[in-house]
Amino acid sequence: MKKSNTTRYLCAAAQIDRTFRTQFLEKILDEEYRVISIPAGVDLLAVAKHCLDAKRRKLIRNIIISILFIIAWISAYGSISSGFEYGDTDSFPAIFLSIFSSFFSFYFLLAWAAVVFETWMTRYQIIAKSLLKQNFNPDGATLTPEAEAEIRRKLSGVTNEEECNVVIYSGFSPFVGSGTDIGGWSFTLDMSRGKEEMRVAQKPESFTVEELYSYIDSDIKKLHLQGTSIQDKIFVNGQEIRGDERFLPDLFRRPLTQVDSSTLKEFVGGQSDGIRHYKCIRIISWQGEIVLSVFLRFLKLHQNLFVEASYFFLPPLKQEYRKIDGIQPNPTWRQLIQILQETFVKSLFLFPLAIFLLSGELFRPLARWNQRRSNRRLIRENPMFDYGASTSIRELAASNLYSHYFQKLDKEMYLKLTERQILDSIINFLDAHNIDTSDLRARQDTILNNGVIVTGGSVEAQNLTVGERAKSVMNNMTQAVSSVTGAQASSSKK
C-alpha cells in the first residue's frame with residue numbers, strides 16, 4: 001500500500017497544512033520514547049520527507065520576508081529620524097507617507113513575490129508533478145542525503161501496523177489508531193450441553209481456542225475480500241510495561257511492538273487483567289481511504305465460552321486534502337491570477353509576522369532539547385510514565401464524512417459479510433464438536449437481522465422489536481394503559 005490514496009493525501013497534507021505538519025514532526029519524527037502508531041496503508045517515510053521538504057521551503061520564504069521587513073523598518077526609522085532631526089513638524093504627513101511607502105511598496109512587493117513563488121512551487125512543482133493520481137510518486141520530495149539518513153535513523157524503531165503484533169496504547173481505548181468505535185457484541189455459551197440428534201444428546205468434544213481461531217481464519221479467507229489481513233495482536237497499557245523486558249528492555253528507548261510467536265502464544269485464550277489477545281481482521285478498501293477493523297476474542301471459562309467482537313472504522317481523509325485532485329499540471333492564466341489574489345491577503349499577514357514564525361523555528365531545537373530532558377526526568381522519577389500511543393496520524397487527518405456514497409455502502413457490506421461469516425464459523429465449529437448451538441443461533445438472528453447493536457448508553461423507544469421472532473408488546477401495553485386511563489377519567493366525570 002505504498003502508493004495508496006491515504007499516503008498521497010497525507011503527503012499533500014504535509015505540503016499545505018501547517019497544523020498537520022507540525023503535529024507530525026512533534027508527535028512522530030521528534031518522539032523518542034513513546035510508541036508511534038502507524039496505521040495500515042501509510043508510507044511513513046514518504047510523509048516524513050514531504051513534511052521536511054515543505055518545512056525547509058517555508059523556512060526559506062520566512063527568512064526572505066523577515067529580511068525585507070527589517071530593511072523596511074530601518075528605512076522607515078530613517079525617515080522618522082531625519083524628520084525629527086530637522087525639527088520640521090509640518091513634515092509629519094510626509095514622514096508617515098514615507099513609512100507607509102517603505103512598508104507597502106517596494107519591500108512588500110518583494111515579500112509578496114516570495115509568497116507567490118513558494119505557493120507556485122508547492123502547487124505546481126511538488127503537488128502537480130508527484131502527488132496527483134496519474135503521476136503519484138511517494139519519493140517525489142527531494143532531500144539532502146544527510147536529511148534523509150536522519151529521517152531513517154529516527155524511524156528505525158518504528159514498525160508499520162501490518163508487521164507489529166503488540167499494541168501499546170495510552171488512555172482508555174486499547175484499539176488506538178483503528179478509528180471510531182462503531183459497535184460490537186459479546187455472549188457466553190455453555191459448552192457442556194451436547195447437541196441433540198434423534199432426540200439423543202451427544203457428548204461434547206473438547207477443543208482449544210487456537211483451533212477455533214484457526215477455523216475462523218480459514219473461513220474469512222474464503223470470502224476473498226480484497227485488502228483483507230488477519231493478525232494476532234496483544235494489547236497492553238503504556239503505563240504498565242515498566243519492568244517487563246518483553247516489551248521494554250530499555251527505559252530510555254521506545255517499547256518493542258514485536259514479540260516472538262512463543263510469547264504471543266502465552267496470551268492466546270488467556271485471562272490476563274492487563275494484557276489481552278485479539279484476533280484482528282482488517283479490511284482496507286478504496287486505495288486505503290476506508291479501513292474496517294474487527295477485533296475478535298475467545299475465552300474459555302470452565303464450561304463456558306466467552307465471545308467478544310468489537311468494530312472500528314477509519315473514514316476517508318479531510319476534504320481539504322482531497323482538493324489537490326482538482327489541480328491541473330499546467331496552470332492557466334486565470335489560475336495564476338487566482339494565486340496572486342490568494343497570496344496578496346496571505347502576504348499582508350506574513351510580512352509583519354514572518355519574523356515571529358522564523359524565531360519559533362530557530363528556537364525549536366532548544367524546545368526539543370528541553371522536552372527530551374523533561375521526558376527523561378519523568379522516566380526516572382515516575383514509575384507510571386506512559387509509553388503508549390494515544391492516536392495516529394491517520395486519525396488526526398481523518399474526516400467525519402464519507403467522500404463517496406459507495407464508500408458507506410462498502411463499509412456496511414464488509415461489516416455484514418465478516419460478521420455473518422464469524423457467527424456461521426463459530427456455529428459450524430461447535431456443531432462439529434457436538435456442542436448445542438441453539439442459543440447461539442437465536443443470538444445470531446438478533447445480531448444479523450436487527451442490524452442495531454447497542455454497546456452503551458440508553459435507548460428510549462415506545463416500540464422496540466429485536467429479531468424476526470421477537471414480538472413488539474409496547475404498543476399493546478400503551479393502548480391498554482390508555483384505555484384504563486380513559487375509563488377512569490370518564491367515571492370521575494360522572
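Q: Which side chain does Lys49 meet in a salt bridge?
A: In this predicted model, the side chain of Lys49 meets that of Glu148 in a salt bridge, with 3.8 Å from N to O.

Q: And where do those two residues sit in the chain?
A: Lys49 belongs to helix α3 and Glu148 to helix α5. The two are 99 residues apart, and the pair links distant parts of the chain.

Q: Is Lys49 buried or exposed?
A: Lys49 is buried, because its relative accessible area is 4%, and buried means under 20%.

Q: How many salt bridges does the structure hold?
A: The structure holds 28 salt bridges.

Q: Which residue forms a salt bridge with Asp217?
A: Asp217 forms a salt bridge with Lys279, and their closest N and O atoms are 3.0 Å apart. This pair also links distant parts of the chain.

Q: Are Asp217 and Lys279 buried or exposed?
A: Asp217 is buried, with a relative accessible area of 15%. Lys279 is buried as well, at 4%.

Q: What about Arg297 and Glu308, how do their side chains meet?
A: The side chains of Arg297 and Glu308 meet in a salt bridge, at 3.5 Å from N to O. Arg297 lies in strand β7 and Glu308 in strand β8, so the pair ties together parts that are 11 residues apart in sequence.

Q: Why does Glu308 count as buried?
A: Glu308 counts as buried because its relative accessibility is 15%, and the cut-off for buried is under 20%. Arg297 is buried too, with a relative accessible area of 5%.

Q: Which residues do salt bridges with shared partners join into one network?
A: The network consists of Asp53, Arg56, Arg57, Lys58, Arg61 and Glu118, joined by salt bridges that share partners.

Q: Changing topic to pockets: what volume does the largest pocket have?
A: The largest pocket has a volume of about 1,100 Å³.

Q: Which residues lie nearest its centre?
A: Of the 43 residues that line the largest pocket, Asp30, Glu31, Glu32, Tyr33 and Arg254 lie nearest its centre. Helices α2 (18-29), α5 (145-154), α10 (364-381) and α11 (393-396) are the elements that give two or more residues to this lining.

Q: Which element gives the most to that lining?
A: Helix α10 gives the most to the lining of the largest pocket, with eight residues.

Q: And what is the lining like by class?
A: The lining of the largest pocket has 16 charged, 14 nonpolar and 13 polar residues.

Q: What volume does the second largest pocket have?
A: The volume of the second largest pocket is about 830 Å³. It is lined by 31 residues, and the closest to its centre are Gln15, Ile16, Asp17, Lys58 and Lys346.

Q: On to the surface: which residues form the nonpolar patch?
A: The nonpolar patch on the surface is formed by Phe344, Val345, Leu348, Phe349, Leu353 and Phe356, with about 590 Å² of accessible area together.

Q: Where does Phe356 lie, and why does it count as exposed?
A: Phe356 lies in helix α9, which covers residues 333-362. Phe356 counts as exposed because its relative accessibility is 57%, and exposed means over 50%.

Q: One last topic, the backbone: what is the phi of Trp286?
A: Trp286 has a positive phi of about 55°, although it is not a glycine. Its place is in the loop between β6 (275-285) and β7 (290-301). Trp286 is partly exposed, with a relative accessible area of 28%.

Q: And what is the phi of His302?
A: The phi of His302 is near 55°, a positive value in a residue other than glycine. His302 is placed in the loop between β7 and β8 (304-314). With 81% relative accessibility, His302 counts as exposed.

Note on methods. Residues are numbered from 1 along each chain as its sequence is written. This is a predicted model: local features need pLDDT of at least 70, side-chain atom pairs count only at pLDDT 80 or more; totals for chains, interfaces and linings use all residues. Side-chain values use heavy atoms; hydrogens and water are left out. Patches are made of residues with over 30% relative accessible area and no salt bridge: like charges are joined within 9 Å, nonpolar side chains (Val, Leu, Ile, Met, Phe, Trp, Tyr) within 5 Å. Accessible areas come from the Shrake-Rupley method with a 1.4 Å probe; for residues, only the protein chains shown count as cover. A salt bridge is a side-chain nitrogen of Lys or Arg within 4 Å of a carboxyl oxygen of Asp or Glu. Helices (H or I, at least four residues) and strands (E, at least two) are DSSP runs, numbered from the N terminus. Buried means under 20% relative accessible area, exposed over 50%, partly exposed in between (1.4 Å probe, protein chains only). On a 1 Å grid over the protein atoms alone, a cavity is a set of points where a 1.4 Å probe fits but cannot get out, and a pocket is an open set with protein on both sides within 12 Å along at least five of seven lines; lining residues have an atom within 4 Å of a point. Grid points are joined across faces, edges and corners, and a volume is the space filled by probe spheres set on the points. Ala, Val, Leu, Ile, Met, Phe, Trp, Tyr, Cys and Pro count as nonpolar, Asp, Glu, Lys and Arg as charged, and the others, Gly among them, as polar.
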